[in-house]
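Please examine the following structure with its sequence at hand. The paragraphs below lead through some of its local features, one region at a time.

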Amino acid sequence: MGNHTLLKQINKLLVLKTILDNKTISRAKISKLVDLNKATVSNLTDELIKEGFVIEKGYGHSKGGRRPVLLEVNKNVGLIIGIDLGVNYIHLILTNFIGEIVWEKSANIRLGETQERILEVLFELIGEAIKVAPQTQKGILGIGIGVPGIVEKTSGIVLIAPNLRWKDVPLKAMVEERFNLPVYIDNEANAGALGEKWFGNWGDVSHLVYVSVGIGIGAGIVIGDEIYRGAKGFAGEVGHTTIDFNDDVCSCGNVGCLENFASERALLSLIQKIVESGWEDEYINKKNVDKLDASYIIDSAKLGSKVALHAIKDIANKLGIGIANLVNIFNPDIVIIGNKASFMGDLFLEELRRIVFKRSFITQYHHVRVEISKLKDRACVLGCVAMVISDMLAFPDYV
Ligand SMILES: [Zn+2]
């Protein structure tokens with residue numbers, strides 16, 4: 001695609017995104033907000049209307065002269081499937097064209113499950129979503145998938161997903177072949193960052209770090225409104241930054257990675273250690289410690305389990321160290337914690353903020369917001385929906 005065409009597509013996406021953010025808006029107002037001249041905005045909106053993505057919806061107020069025609073995103077033009085392919089679950093949403101959920105389903109995956117079985121569950125879920133999808137003008141426009149690993153964006157190959165033990169899996173091609181629909185793939189934390197940017201309601205934030213804390217830990221880094229991918233697309237592997245140079249070997253081969261101290265898996269092993277040391281309570285004790293999952297521990301903390309509260313505070317403390325490092329490097333407006341950790345409660349956030357503000361040098365000079373995702377465990381799936389819309393418009397062959 002030539003530079004000129006690409007630029008046009010990006011501007012078109014910008015216009016669509018502006019209409020989406022404002023619900024209804026006139027061409028003149030768009031032109032003011034996106035800093036494009038009125039003729040360009042008119043051409044782009046005309047194309048979007050012709051393609052069915054935008055509709056004209058009544059008239060706005062006028063201070064004299066003709067009342068302006070208002071535009072709105074055509075939410076019923078088609079449907080989008082967003083999928084969070086986690087390490088121990090698959091979460092799918094089917095949405096309309098503005099990200100409103102029409103249907104949703106999750107499936108648990110056993111840790112260490114075979115690739116074959118995971119793909120089987122994935123295909124079943126997608127098949128089910130296609131079956132229940134209501135009739136729309138353009139049908140299902142695309143499938144976006146967030147993966148817990150390093151993804152080559154254009155080919156859609158999962159190069160490496162350590163926690164799934166996947167290597168060189170051509171996921172995009174496999175799903176496209178099976179369902180004959182356009183498929184877009186990205187790292188789950190990048191998708192989460194996109195989800196927060198599009199649907200998180202954080203106001204005007206151009207520099208954002210989204211930290212996904214689940215079985216693993218990854219970060220989606222947005223610099224100047226764009227996802228920062230690094231030279232080869234590997235940026236954001238914050239879970240594998242070293243916070244202890246003496247600790248055990250990590251799945252990535254390094255020693256003392258943040259992931260071993262602050263992930264969902266770290267929470268489980270910390271609870272195990274606490275109980276082994278002889279500290280237990282009515283919620284968490286020797287009898288049930290082998291069967292616990294993170295959700296149970298989080299619920300126990302809310303019910304007052306001292307063991308759970310102690311463990312969650314420790315996880316927040318360690319995660320705070322990793323995030324203080326990120327804050328010092330990227331100076332974001334906001335750090336958003338998502339995935340499993342978004343359920344960990346007030347004590348977790350309090351401790352996390354305390355550590356970040358204590359350890360990050362630049363927070364003395366710039367108030368960096370540290371927040372929990374309001375989208376909770378839907379940041380990634382909604383980001384996958386945004387990815388379909390944005391990639392579809394940037395590569396118009398698919399429309
Ligand atoms: Zn590691």
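Does Asn-201 count as buried or exposed? The model is a predicted one, and in it Asn-201 has a relative accessibility of 68%. Because the cut-off for an exposed residue is over 50%, Asn-201 counts as exposed. The residue is located in the loop between α6 (188-199) and β12 (208-213). Although Asn-201 is not a glycine, its phi is positive, at about 55 degrees.

Asp-225 is likewise not a glycine and has a positive phi, in this case of about 70 degrees. Its place is the loop between β13 (217-223) and β14. With a relative accessibility of 45%, Asp-225 counts as partly exposed.

We turn next to the metal site. Four residues coordinate the zinc ion at 2.0 to 2.3 Å: His-240 through ND1, and Cys-250, Cys-252 and Cys-257 through SG. The arrangement is tetrahedral because the four donor atoms subtend angles of 102 to 123 degrees around the zinc ion. Along the chain, the donors follow the spacing H-x9-C-x1-C-x4-C. His-240 and Cys-250 both lie in the loop between β14 (226-227) and α7 (259-262), so the pair ties together parts that are 10 residues apart in sequence. Both His-240 and Cys-250 are buried.

Finally, consider a pair of helices. Helix α1 (residues 3-22) packs against helix α3 (residues 38-50) at an angle of about 75 degrees, and their axes are 10 Å apart. This angle makes α1 roughly perpendicular to α3. Among the residues that make the contact are Val-15, Leu-16 and Ile-19 of α1 and Leu-44 and Leu-48 of α3. The residues of this contact comprise five nonpolar, two polar and three charged.

Conventions. Residues are numbered from 1 along each chain as its sequence is written. This is a predicted model: local features need pLDDT of at least 70, side-chain atom pairs count only at pLDDT 80 or more; totals for chains, interfaces and linings use all residues. Side-chain values use heavy atoms; hydrogens and water are left out. Donors are N, O and S atoms within 2.8 Å of the metal (3.2 Å for Na, K and Ca); water is not among the atoms, so sites may look incomplete. Four donors count as tetrahedral if all angles lie between 85 and 135 degrees; four count as square planar and six as octahedral if opposite donors are over 155 degrees apart and all others between 65 and 115; anything else is irregular. Helices (H or I, at least four residues) and strands (E, at least two) are DSSP runs, numbered from the N terminus. Buried means under 20% relative accessible area, exposed over 50%, partly exposed in between (1.4 Å probe, protein chains only). Axes are lines fitted to C-alpha atoms, for helices over the stretch in contact, and angles run from 0 to 180 degrees between N-to-C directions. Angles under 35 degrees count as roughly parallel, over 145 as roughly antiparallel, 65 to 115 as roughly perpendicular and the rest as oblique. Contact means heavy atoms within 4.5 Å. Ala, Val, Leu, Ile, Met, Phe, Trp, Tyr, Cys and Pro count as nonpolar, Asp, Glu, Lys and Arg as charged, and the others, Gly among them, as polar.
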